[in-house]
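Q: Hi! Could you walk me through this structure while I look at it?

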Amino acid sequence: MVPLTALWLPILLSAVIVFIASSILHMVLPYHRSDYQPLPDEDKILPVLRAAGLKRGLYIFPFGTHKDMKSPAMTEKYKQGPVGMMTVFPSGPPNMGKFMGLWFGYCLIVSAVAAFVAGPILRVGAHHHAIFHTVGLAAFLAYGVGTLSNGIWKGQPWSGVTKEVIDGLVYALLTAGAFTWLWPR
């Protein structure tokens, strides 16, 4: 068993490495540029949304209860479309500093959870394959597998979800590598 206190360095370093790698994947490489599309006729649609008084939140349309979904009126709304979900952020420029800080915090949490998984089952001086496998699997569950629900429940295109899963695999491999390198001997 390896105490969590002995794993603080791989936790911190793996979070930093994943943070840098994600910045490269999203801001430098062209691979994610097609993930988002502009609204058609944005100049006409945004005033309508403003007039509706939308507040921060997650919206679904057309909206109805489970009971309403079987009604002919709701069925017709679904047929006519559009059908979707929309996330509304607070008005104003996006606060990238806040998003980046939260993302780094998430990276730290994933690395800490991977340490919580690996620490009790692996020993000091464990074989590098066991470290890499255990930490990598735990990290992939958080970074990669968890994104599949976006395609299932939020209707995100599977092409984008697949890219998120691939990103998650990269982050998991980097996390596993950092832990394998810095595992107590």
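A: Happy to. One term before we start: buried means under 20% relative accessible area. By that cut-off threonine 175, at 0% relative accessibility, counts as buried. Keep in mind that this is a predicted model.

Q: Where is threonine 175, then?

A: Threonine 175 sits in helix H7.

Q: And what is threonine 175 in contact with, leaving aside its neighbours within four places in sequence?

A: Threonine 175 is in contact with Ser14, Val18, Ser111, Val135, Ala139 and Tyr143. Of the helices in this model, H1 covers residues 8-28, H4 covers 96-121 and H5 covers 128-143.

Q: Let's take H1 and H7. At what angle do they pack?

A: About 150°, and the axes of H1 and H7 are 9 Å apart. H1 and H7 are therefore roughly antiparallel to each other.

Q: Right-handed or left-handed crossing for H1 and H7?

A: Right-handed, as H1 passes H7.

Q: Which residues meet there, between H1 and H7?

A: From H1 there are Leu9, Pro10, Ile11, Leu13, Ser14, Ile17, Val18, Ala21, Ser22, Leu25 and His26. On the H7 side they meet Asp167, Tyr171, Leu174, Thr175, Ala178, Phe179, Trp181 and Leu182. Sorted by class, this contact of H1 with H7 has 14 nonpolar, four polar and one charged residues.

Q: OK, now H5. How far apart are the axes of H5 and H7?

A: The axes of H5 and H7 are 8 Å apart, and the two helices pack at an angle of about 145°. H5 also passes H7 in a right-handed crossing.

Q: How does the contact of H5 with H7 split by class?

A: Let me list the residues and then count. His128, Ile131, Phe132, Val135, Gly136, Ala139, Phe140 and Tyr143 in H5 are in contact with a set of H7 residues that includes Glu164, Val165, Gly168, Leu169 and Tyr171. By class, the contact of H5 with H7 has 13 nonpolar, six polar and one charged residues.

Q: Which residues in H5 are buried?

A: Those are Ile131, Thr134, Val135, Gly136, Ala138, Ala139 and Tyr143. The buried residues of H5 pack against H1, H4 and H7.

Q: How far does H5 reach from its first C-alpha to its last?

A: H5 reaches 21 Å with its 16 residues, close to the 22 Å expected at 1.5 Å a residue.

Q: Switching to the backbone: which peptide bonds are cis?

A: I can give you two. A cis bond joins phenylalanine 61 and proline 62, with omega about -10°. Another cis bond runs from glycine 81 to proline 82, where omega is near -5°.

Q: Where do proline 62 and proline 82 lie?

A: Proline 62 is in the loop between strand E1 (57-61) and helix H3 (72-80). Proline 82 is in the loop between H3 and strand E2 (84-88).

Q: What about phi of aspartate 41?

A: Phi of aspartate 41 is near 55°, a positive value in a residue other than glycine. Aspartate 41 lies in the loop between H1 and helix H2 (42-51), and at 53% relative accessibility it counts as exposed.

Q: New topic: what is leucine 148 in contact with?

A: Leaving aside neighbours within four places in sequence, leucine 148 is in contact with Trp158, Val161 and Val165. Leucine 148 is found in helix H6 and is partly exposed, with a relative accessible area of 34%. Leucine 148 and valine 161 are 13 residues apart in sequence and 6.3 Å apart in space, C-alpha to C-alpha.

Q: Last one: where is lysine 154?

A: Lysine 154 is in the loop between H6 and H7. Lysine 154 is partly exposed, at a relative accessible area of 46%. Leaving aside neighbours within four places in sequence, lysine 154 is in contact with Met85 and Ser149.

Methods: Residues numbered from 1 in each chain as written. Predicted model: local features only at pLDDT ≥ 70, side-chain atom pairs only at ≥ 80, totals over all residues. Heavy atoms only, no water. Axes fitted to C-alpha atoms, helices over the stretch in contact; angles between N-to-C directions. Helix = DSSP H or I, 4+ residues; strand = E, 2+ residues; numbered from the N terminus. Parallel < 35°, antiparallel > 145°, perpendicular 65-115°, else oblique. Left-handed = near helix turned anticlockwise from the far one by under 90°. Contact = heavy atoms within 4.5 Å. Nonpolar A, V, L, I, M, F, W, Y, C, P; charged D, E, K, R; others polar. Buried < 20%, exposed > 50% of the residue type's maximum accessible area, 1.4 Å probe, protein only. Expected span 1.5 Å × (residues − 1).
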